[in-house]
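Have a look at the picture before reading on.

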Amino acid sequence: AVVSTQSTGMQREVQEVRRREIQQLSSQLNMLLVDKMNGRVEGAYINQKKLQAHTRQLQYNAATMQRQTDEWLKLLDGFNTALKEVGDVVNWAKSLEDEMTKISHALAYAYKEEAELESARSGH
């Protein structure tokens, strides 16, 4: 009966040692899993910060491009207006030239008529 009690005591000790080893291994496994998850969370956080920085840069670039596009549109509108004005000046100059030609012809005709009248008066 003494051997049986000793063997039961030894079995309990072995079981206790194994239980502590299992607890220690379980604790180490938990720590490894937590570390692994923390690494993934940290990686996701870093990626999120990078994405936010890229998003801010893209927003800034888009706003800059919008301002530049607006400036180009204003310049183009001014250029179109200037072209229209040049066209208007050309048309005005052509009209003025036509009017001056008519006046010149009218004056030449009047001068010719007056010269013929003078010639007729002096010839009589």
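Where is Ile103 found? Ile103 sits in helix 1, which covers residues 2-123 (helices are DSSP runs of H or I, at least four residues, numbered from the N terminus). Keep in mind that this is a predicted model, where local features need pLDDT of at least 70 and side-chain atom pairs pLDDT 80 or more, while totals for chains, interfaces and linings use all residues. Residues are numbered from 1 along each chain as its sequence is written, and side-chain values use heavy atoms, without hydrogens and water.

Now zoom out. The protein chain has one helix and zero strands. Its radius of gyration, taken over C-alpha atoms, is 53 Å, well over the 14 Å that the globule rule gives for 124 residues, so the chain is more spread out than a compact globule (the rule is 2.2 Å times the number of residues to the power 0.38). The C-alpha atoms fill a box of roughly 180 × 15 × 5 Å along the principal axes. As for burial, 0% of the 124 residues count as buried, meaning under 20% relative accessible area, with exposed over 50% and partly exposed in between (1.4 Å probe, protein chains only).

What about salt bridges, meaning a side-chain nitrogen of Lys or Arg within 4 Å of a carboxyl oxygen of Asp or Glu? The count comes to five. In one of them, Glu16 pairs with Arg19 at 2.3 Å between the closest N and O atoms; being three residues apart in helix 1, Glu16 and Arg19 are separated by about one helical turn.

Technical notes
Helices (H or I, at least four residues) and strands (E, at least two) are DSSP runs, numbered from the N terminus.
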